[in-house]
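Subject: Structure for you to look at

Hello,

Here is the structure I promised to hand over. Please open it alongside this email; my notes follow.

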Amino acid sequence: GFDEQRGTQNGRFEFADQTLTWSALPLPNSQTMITFMDTTGVEQIERALRDKNEALERTAMLRARLIRHVAYELRSPLTNIVGFADLLRMEMTGPLSDRQSDYVGNISHASSRLMEVTDDVLDLATIDAGMLVLEVSEIEIGALVREAADDVRSRFENHDIELLVRVDPNIETMYGDRDRLRKVFVNLLKNAAAFAPQGSTVPCTIKRFDASDTRPSGVVISVRDDGPGIDQDIVDQLFERFETAPGGRNRGTGLGLPIARSFVELHEGEIAINSRAGAGTTVEIYLPQVPSAASVAAQ
């Protein structure tokens, strides 16, 4: 009475705290072999992986919501504070006493500083969440570095430090995110202004880089200061978040270099610090002329 076309059957069931799978395999002479296997461990691992994946998805969703929330809830009132502080300093709102003018100036400076820190934290959170998309366009890198130098020139002048920007005349235009690269250059120049000795000179050079076996053509930007320098064994720590080098005039948040490295790497570039104690510091950035992500824009 057996069907000559017998097929293999299998299934699974749970018994107490164990999970078992079974299989029925037809054999010759109307025989059947039934096997059981304890798959409790495999089931537990699969369940743990599913739970972890769901938790990661929920975390990513919460992070995205937090970024949007912070972007609005912090930046919006800070923008209002900065705007009203600037308005109070205008003649149209009436004269201010010297003390009032100082107070308004302190409000404006502190608000602008808080805005910078907020932007830095949001940039890092956006990068971590994989949500940052570069707005690629054709840029003149020499002009962009000069603009960044103009933004921070007062920091150098306050300590009688001369900032020299030298641009290779053979440099062509390149492709990248203008605002992000400008922020990179501003952060590097701020670090140089904080560590360069009073009365010294800080050279910032932009040179053309011809294609090699390991790198496509691009530009190399270097900023050097003759400050106290940094021990080589702690140089890598400077790219960690909230880590600052000792000896600077103004202690920062420790986010400038991590953000600079993140933006440079998004442009498929490289950043390196060459320094040793008592011998100054040189920060060098390599940027490809046309990152692969910008190939469409370049065309």
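Glu147 is partly exposed, with a relative accessible area of 26%. Please keep in mind that this is a predicted model. Glu147 forms a salt bridge with Arg178, and the closest N and O atoms are 2.7 Å apart. The two residues are 31 apart in the chain and link distant parts of it: Glu147 belongs to helix H4 (residues 141-157), Arg178 to helix H5. Arg178 is partly exposed too, at 31% relative accessibility.

Other salt bridges

The structure holds 14 salt bridges. One of them joins Asp123 and Lys183, with the closest N and O atoms 2.7 Å apart. This pair also links distant parts of the chain: Asp123 sits in helix H3 and Lys183 in helix H5, 60 residues apart. Why does Asp123 count as buried? Its relative accessibility is 14%, and the cut-off for buried is under 20%, so Asp123 falls in that class. Lys183 has a relative accessible area of 21%, so it counts as partly exposed.

Arg180 pairs with Asp177. Here the closest N and O atoms are 3.1 Å apart. Arg180 is buried, with a relative accessible area of 18%. Asp177 is buried as well, at 2%. Salt bridges with shared partners also make one network of Glu147, Asp151, Arg178 and Arg182.

The sheet

Now to the strands. What is the strand order of the five-stranded open sheet? The order is S5-S7-S8-S10-S9, and the pairing is mixed. Strand S5 (162-167) and strand S9 (270-275) are the edges, each pairing on one side only. From one strand to the next, the twist averages 15°.

Going across the sheet, the pairs look like this:

- S5 and strand S7 (residues 201-209) are parallel, with six bridges. Leu163 has Val202 in S7 as its bridge partner.
- S7 and S8 are antiparallel and are joined by six bridges. Phe209 stands opposite Gly218 in S8.
- S8 and S10 are antiparallel and are joined by eight bridges. Ile221 stands opposite Ile285 in S10.

As background, strands of a sheet pair through backbone hydrogen bonds, either parallel or antiparallel. S8 is mostly covered. Seven of its eight residues are buried.

Which residues of H6 are buried? They are Leu257, Pro258, Ile259, Ala260, Ser262, Phe263 and Val264. These buried residues pack against helix H3 (98-128), H5, S9 and S10. Just after H6, Glu268 takes a positive phi of about 65°.

The surface

Which residues form a nonpolar patch on the surface? Phe13, Phe15, Ile34 and Phe36 do, with about 450 Å² of accessible area together. Strand S1 (9-15) and strand S3 (31-38) each give two or more residues to the patch. Ile34 has its place in strand S3.

Last, find Arg50 in helix H1 (residues 40-73). Its relative accessible area is 43%, so Arg50 counts as partly exposed. Arg50 and Ile161 are 111 residues apart in sequence. In space they are 58 Å apart, C-alpha to C-alpha.

Best wishes

Conventions. Residues numbered from 1 in each chain as written. Predicted model: local features only at pLDDT ≥ 70, side-chain atom pairs only at ≥ 80, totals over all residues. Heavy atoms only, no water. Pairing = 2+ DSSP bridges. Helix = DSSP H or I, 4+ residues; strand = E, 2+ residues; numbered from the N terminus. Axes fitted to C-alpha atoms, helices over the stretch in contact; angles between N-to-C directions. Buried < 20%, exposed > 50% of the residue type's maximum accessible area, 1.4 Å probe, protein only. Contact = heavy atoms within 4.5 Å. Patch = residues over 30% accessible without salt bridge, like charges linked within 9 Å, V, L, I, M, F, W, Y side chains within 5 Å. Areas by Shrake-Rupley, 256 points an atom, 1.4 Å probe, with all protein chains shown as cover. Salt bridge = Lys/Arg side-chain N within 4 Å of Asp/Glu carboxyl O.
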